[in-house]
Amino acid sequence: MANAPVKKVPIHLQSSQNRLLIKNGRVVNEDGMEDADVYIEDGIIKQVGRNLIIPGGTRTIDATGLLVMPGGIDPHTHFELEMMGAKTADDFYKGTRAAVAGGTTTIIDFVLPEKGQSLVEAYNHWRQKADNKVCCDYALHVGVTWWSPSVKKEMQQLVEEHGINSFKMFMAYKDAWMLNDYELCQVMETCVELKALPLIHAENGSIIARNTEKLLAAGVTGPEGHALSRDEEVEAEAVNRACVIANQMNSPLYIVHVMSKSAVQALRLARTRQKQPLFGETLAATIGTDGSHYGNACFRHAAAHVLSPPLRARDTPAAIVDALAHDDLQIIASDNCTFHEKDKELGKDNFSKIPNGVNGVEDRMAILWQKAVNTGAMDPCRFVAVSSAAAARAFHLWPRKGRVAEGADADLALWDPRRERTVSAHAHHHAVDFNIFEGTHVIGSPQYVIVNGRVCLDDGELRVVEGFGKFLPTPPAAPAAYGARERTSDASDAPPADTPSPRASPVYTNGTPTELSISNKQMEGLSVSGCSTPTGRKMREPGQRDLQNSTFSISQELEGLDTKTSVRVRNPPGGKSSGLW
């Protein structure tokens with residue numbers, strides 16, 4: 001009946017909507033792995049451990065064979081953005097729906113004001129677009145696309161009243177969003193005053209503009225001209241210049257979408273002199289495909305791969321994965337900025353008019369797992385660091401986000417390292433019918449995704465709710481960018497004073513496997529690659545938890561006890577032991 005009243009949900013079913021127990025999984029955080037159950041109530045992780053005492057009316061998910069990881073954090077998306085005469089295809093509903101399908105439970109989008117537009121007015125406009133559509137939590141960066149004393153005043157207002165702690169500047173897009181070096185200095189100085197984090201799109205806009213003019217005059221009009229106009233040197237120069245300016249202004253700095261080996265080298269060199277923290281972000285597109293597509297004879301195909309900075313040479317993806325593994329880069333994002341085919345065709349006769357952007361928010365985590373974990377370049381802990389925890393730290397969402405721990409938001413990805421699929425536009429959840437990763441075979445994807453305690457990907461079936469997510473105010477003075485490194489959720493995590501730096505900690509000491517390597521050895525039955533040697537684990541700074549002191553406990557494995565001062569093996573090889581050893 002059309003007008004039948006809605007039946008009241010029985011109380012035991014109501015409770016099952018906000019109480020959830022995840023059993024028999026392996027919890028993976030950036031600093032270690034442990035076999036533990038996770039109990040969630042009212043969107044918050046209440047307990048992590050074994051033999052948990054939980055109330056009745058609780059739904060249970062059997063996570064046997066699954067990795068229980070923090071939901072992904074994608075700190076670089078563009079939903080409902082108008083640029084270059086077009087509007088992105090993925091709005092805040094379709095974009096966050098795709099994010100959740102891939103294991104990402106938090107996104108950070110960009111407010112990009114027009115030149116002369118009030119920053120606060122643009123911020124309010126973005127909130128209106130997003131608040132009733134997002135399927136997961138979101139935060140916002142704000143772009144500084146022009147400069148005046150009023151902009152400085154509005155930056156202060158955004159930090160103090162609206163929960164913004166990051167501002168983006170462009171060194172590219174001449175005559176649109178680009179700032180000159182003097183203006184970059186002023187914005188960075190203002191960020192330091194406000195304890196906000198400056199973000200930079202690093203490409204030399206003046207060189208790009210001149211190269212574009214010359215290429216068009218020479219008759220190069222197709223998508224291949226986009227990459228020719230802005231080669232690696234153009235990116236690396238800007239990365240170096242941005243780092244020099246930040247160092248002179250005594251400011252931390254976050255470089256968005258690092259796309260080339262040359263830019264990584266510039267970052268590596270800058271860190272030898274930088275006084276303040278320097279973050280490097282790359283993209284799923286950077287490691288999942290390459291610039292060979294620009295030469296494709298099909299305009300639709302080539303134009304669909306156009307983004308800035310562009311995709312690079314065929315050997316770039318492996319080099320960028322290595323940079324992520326060894327902490328030259330700290331974060332992987334998507335820069336999801338999709339356009340319909342008709343919009344890309346605005347540049348049919350002039351590559352400089354092709355709207356810049358590709359997909360990535362849905363496939364980011366699976367592409368990273370396939371290209372980095374399944375190849376042995378990084379272990380699951382480092383995967384969690386670069387896909388979630390590092391972004392949470394950089395933008396002051398830690399430890400509420402980016403960690404499976406008591407008191408954290410119940411944003412989780414239950415990852416099946418054996419699940420196989422082939423990426424295809426026919427199966428993805430974006431609003432476009434093209435996927436730059438088309439045909440890529442991945443082994444490892446989420447089986448369940450939990451957003452604020454709600455199961456939104458349920459055994460592979462997507463069940464998102466439009467408007468379920470909420471806006472996340474990001475406080476200034478993130479400890480990762482300003483001041484001492486924050487403590488982890490457990491005070492006992494801090495290593496003793498004489499503990500060597502984790503950066504230099506080997507996996508093996510004098511030929512003896514450390515506890516961490518033993519812990520990872522347990523992964524062999526879960527990981528298709530069979531990789532058990534942790535690599536690229538260099539995110540941690542002195543004062544943070546030493547990975548040698550993993551939360552994984554051999555005594556817990558054998559006897560199921562929470563704590564024990566020594567281990568008694570009941571039936572070791574050679575006979576029963578009754579004493580302490």
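Guide: A residue is called buried under 20% relative accessible area, exposed over 50% and partly exposed in between, with a 1.4 Å probe and protein chains only. At 2% relative accessibility, Lys168 therefore counts as buried. The model is predicted: local features need pLDDT of at least 70, side-chain atom pairs count only at pLDDT 80 or more, and totals for chains, interfaces and linings use all residues. Residues are numbered from 1 along each chain as its sequence is written, and side-chain values use heavy atoms, with hydrogens and water left out.

Visitor: Where is the place of Lys168, and with which residues is Lys168 in contact?

Guide: Helices (H or I, at least four residues) and strands (E, at least two) are DSSP runs, numbered from the N terminus. Lys168 sits in strand 13. Contact means heavy atoms within 4.5 Å. Leaving aside neighbours within four places in sequence, Lys168 touches His76, His78, Phe110, Val142, Gly143, Val144, Leu199, His201 and Val256.

Visitor: Which feature does UniProt place at Lys168?

Guide: UniProt positions are given in the numbering used here, feature names are shortened, and annotations may be inferred rather than shown by experiment. The UniProt record, an unreviewed entry, has "modified residue: N6-carboxylysine" at Lys168.

Visitor: What is the order of the strands in the open sheet?

Guide: Strands of a sheet pair through backbone hydrogen bonds, either parallel or antiparallel. Two strands count as paired if DSSP finds at least two bridges between them. The open sheet here has eight strands in the order 8-11-12-13-14-15-16-17, with parallel pairing. Strand 8 (72–77) and strand 17 (331–333) are the edge strands, each pairing on one side only. From one strand to the next, the twist averages 30°.

Visitor: How many bridges pair strand 13 and strand 14?

Guide: Five bridges pair strand 13 (residues 166–170) with strand 14 (residues 197–201) in the parallel sense. Phe170 has His201 in strand 14 as its bridge partner.

Visitor: Which strands does helix 8 lie across?

Guide: For such angles, axes are lines fitted to C-alpha atoms, for helices over the stretch in contact, and angles run from 0 to 180 degrees between N-to-C directions. Helix 8 (residues 232–248) lies across strand 14, strand 15 (253–255) and strand 16 (278–283), and runs at about 170° to strand 15.

Visitor: In which sense do strand 18 and strand 19 pair, parallel or antiparallel?

Guide: Strand 18 (residues 412–422) and strand 19 are antiparallel, with eight bridges. Ala413 stands opposite Val449 of strand 19. Strand 19 is also joined by three bridges to strand 20 (residues 454–458), again running antiparallel. Val451 has Arg454 in strand 20 as its bridge partner. The hairpin of strand 19 and strand 20 has two residues between the strands, and Asn452 takes a positive phi near 50° there.

Visitor: Why is strand 19 largely enclosed by the rest of the structure?

Guide: Ten of the eleven residues of strand 19 (residues 441–451) are buried, so the strand is largely enclosed. Helix 12 (residues 316–325) is largely enclosed by the rest of the structure because seven of its ten residues are buried. The buried residues of helix 12 include Pro317, Ile320 and Leu324. Just after helix 12, Asp327 takes a positive phi of about 70°.

Visitor: How many residues does the largest nonpolar core have?

Guide: A nonpolar core is a set of buried Ala, Val, Leu, Ile, Met, Phe, Trp, Tyr and Cys residues joined through side-chain atoms within 4.5 Å. The largest has 132 residues, and those with the most contacts inside it are Val144, Met155, Phe167, Ile200, Ile255 and Phe383. Helix 15 (residues 380–394) gives the largest share of this core, nine residues. Another core, of 19 residues, lies apart from it and includes Leu20 and Ala410.

Visitor: How many salt bridges does a search of the whole structure find?

Guide: A salt bridge is a side-chain nitrogen of Lys or Arg within 4 Å of a carboxyl oxygen of Asp or Glu. The search finds 29 in the whole structure. One of them joins Asp181 and Arg241 at 2.6 Å, N to O. Asp181 lies in helix 5 (residues 181–194) and Arg241 in helix 8, so the pair ties together parts 60 residues apart in sequence. Asp181 counts as partly exposed, at 33% relative accessibility.

Visitor: Are Asp411 and Lys401 buried or exposed?

Guide: Both Asp411 and Lys401 are buried, and their side chains meet in a salt bridge of 2.6 Å, N to O.
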